[in-house]
Amino acid sequence: MFEDEPSTLKEKIYRTIIALFLFILVGTLIITFLPGDAEQSLIGAITGQNSTKAGSVAGRSIPVDYFNAAKRDCYYRYQQYGRETAQNAELLNSCAYSTVREMYIANDIAAAVGFQVSEISIKREMSKQAREIHKESVSQAGYGEEDSRSLTEIYQQIYRSAPMYYRIDSATGYALFPNFLDQPLTPSENEVELESEAKRAKISFRLVAISEVNLMNAVESKINITDEELQKEYQKEKAEGTLSKDPSGNFVSFEVRKPLLLSKLKFDRKRKEAEIWKGRISQKISEPNALDAIAKESGQPIETVTAVSLSDLKLVTSNRGNSYRLANSSQFWETLANDPFSKKTVVGPFSDNDKQVYVEFSALTYGQPTAAAPKDQAADFLKQRQLLSFFLEINQSLAAEYNVEKKGLLSLE
């Protein structure tokens with residue numbers, strides 16, 4: 001009922017040969033009855049001649065159909081320069097690899113900014129192209145076999161001419177700059193009004209600038225250092241061993257050391273007194289008519305700055321001819337944003353080099369709105385060129401990182 005298992009070595013070899021012969025016979029028959037394209041595809045897959053990859057860019061594989069679509073675009077591009085150029089296989093392969101790399105780079109940039117051409121828009125463009133071809137063929141006087149194709153057949157031919165994911169990458173890469181990065185920003189009416197108002201705004205304020213040097217000089221005239229204080233400091237240095245010695249190794253005398261001790265004690269005293277004075281000045285901010293009180297306490301005059309625009313605050317000149325940089329202080333802008341005008345609010349001190357500046361805001365005025373200036377097309381063109389140059393520089397910089405590895409069967413180099 002059941003076939004006996006082969007028991008001898010001779011029977012095992014015999015059955016193995018029979019099985020191998022049947023396998024080859026059946027395989028040959030299958031290939032024989034396959035359509036031509038399928039037969040070639042199967043043979044290519046078995047022998048490895050028909051690889052599904054054409055190489056890689058930056059470690060990412062290039063599908064063969066993707067590569068062939070890029071190669072076809074290169075062919076049509078080179079047709080403009082002559083038939084021989086378009087049929088140069090080495091040149092077409094090189095162009096295709098460069099095209100794929102450019103598309104990979106452009107689509108990476110597009111993905112980073114969230115931009116992509118949709119499949120629907122591509123299909124609409126293909127449909128439009130098919131309708132134009134169909135319309136031209138129908139309008140011709142003679143009708144051949146190609147002319148009698150239906151609109152559906154024309155669309156299907158266009159659709160099959162390149163893989164959809166290649167079309168999406170290609171359309172996205174070509175549209176990234178002109179259709180996305182180069183779009184002008186159109187401000188709303190409210191934004192335009194705010195910008196116009198900000199440009200017309202003028203502020204006036206009073207200030208008192210206190211120089212570190214002026215404080216130190218004013219304090220110095222009030223400092224009196226006695227000989228007892230100097231003698232005490234001399235003995236302190238001597239006890240600590242910091243007192244300098246003469247060439248014979250003995251400590252210098254008090255008379256020799258006295259001028260230096262006087263200078264040292266005066267400087268220390270001036271610094272301490274100046275800090276105490278600054279504290280008294282800063283406390284005047286909370287008083288009524290604070291700026292007048294600060295001017296009186298510091299002995300510095302009140303200066304005025306009248307009708308200066310916001311953009312000019314980086315360097316303003318007072319009525320006394322002194323220049324100040326107030327725009328460098330974030331505290332200045334924070335106070336200005338809180339509408340301190342007509343309140344006699346004094347803020348500061350703001351640091352400007354060696355000066356401490358106290359400011360009292362006086363008035364905020366607006367001029368009459370001016371008519372919008374005509375659009376400067378030359379300036380817009382220059383900005384567009386600068387943006388394009390920046391975009392091309394990004395592509396060129398990234399290209400060095402996107403190394404291309406070519407498949408041996410596809411590269412003729």
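**Entry 1: α10 against α12**

I began with the residues where two helices meet: Glu212, Leu215, Met216, Ala218, Val219 and Glu220 in α10 meet Lys266, Phe267, Lys270, Arg271, Glu273, Ala274, Trp277, Lys278 and Ile281 in α12. I sorted the residues of this contact by class and got eight nonpolar, seven charged and no polar. I note here that the model is a predicted one.

Next I looked up the geometry. Helix α10 covers residues 212–220 and helix α12 covers residues 254–283; their axes come within 9 Å and cross at roughly 115°. α10 is therefore roughly perpendicular to α12. The crossing in which α10 passes α12 is right-handed.

**Entry 2: α11 against α12**

I then took helix α11, residues 227–240, whose axis comes within 9 Å of that of α12, with a crossing angle of roughly 105°. That angle makes α11 roughly perpendicular to α12. On the α11 side I listed Asp227, Glu229, Leu230, Gln231, Glu233, Tyr234 and Glu237. On the α12 side I listed Phe254, Arg257, Lys258, Leu261, Leu262, Lys264, Leu265 and Arg269. By class, the contact of α11 with α12 has eight charged residues, six nonpolar and one polar.

**Entry 3: the second largest pocket**

I moved on to the second largest pocket and noted a volume of about 350 Å³. Its lining consists of 15 residues. Which of them lie nearest the centre of the pocket? I found Arg72, Met126, Gln129, Ile158 and Arg167 there.

I also asked which helices each supply at least two residues of the lining. They are α3 (64–78), α6 (119–139) and α8 (164–181). The largest share comes from α6, with five residues. For the lining of this pocket I recorded seven nonpolar residues, four polar and four charged.

**Entry 4: alanine 399**

Last, I checked alanine 399, which is found in helix α15, residues 377–399. I wanted to know what alanine 399 touches, leaving out residues up to four places away in sequence. The answer is Arg101 and Ile105. I also looked up tyrosine 104, which is 295 residues apart from alanine 399 along the chain. The C-alpha atoms of alanine 399 and tyrosine 104 are separated by 9.7 Å.

Definitions and conventions: Residues are numbered from 1 along each chain as its sequence is written. This is a predicted model: local features need pLDDT of at least 70, side-chain atom pairs count only at pLDDT 80 or more; totals for chains, interfaces and linings use all residues. Side-chain values use heavy atoms; hydrogens and water are left out. On a 1 Å grid over the protein atoms alone, a cavity is a set of points where a 1.4 Å probe fits but cannot get out, and a pocket is an open set with protein on both sides within 12 Å along at least five of seven lines; lining residues have an atom within 4 Å of a point. Grid points are joined across faces, edges and corners, and a volume is the space filled by probe spheres set on the points. Helices (H or I, at least four residues) and strands (E, at least two) are DSSP runs, numbered from the N terminus. Ala, Val, Leu, Ile, Met, Phe, Trp, Tyr, Cys and Pro count as nonpolar, Asp, Glu, Lys and Arg as charged, and the others, Gly among them, as polar. Axes are lines fitted to C-alpha atoms, for helices over the stretch in contact, and angles run from 0 to 180 degrees between N-to-C directions. Angles under 35 degrees count as roughly parallel, over 145 as roughly antiparallel, 65 to 115 as roughly perpendicular and the rest as oblique. A crossing is left-handed if the near helix is turned anticlockwise from the far one by less than a right angle, and right-handed if clockwise. Contact means heavy atoms within 4.5 Å.
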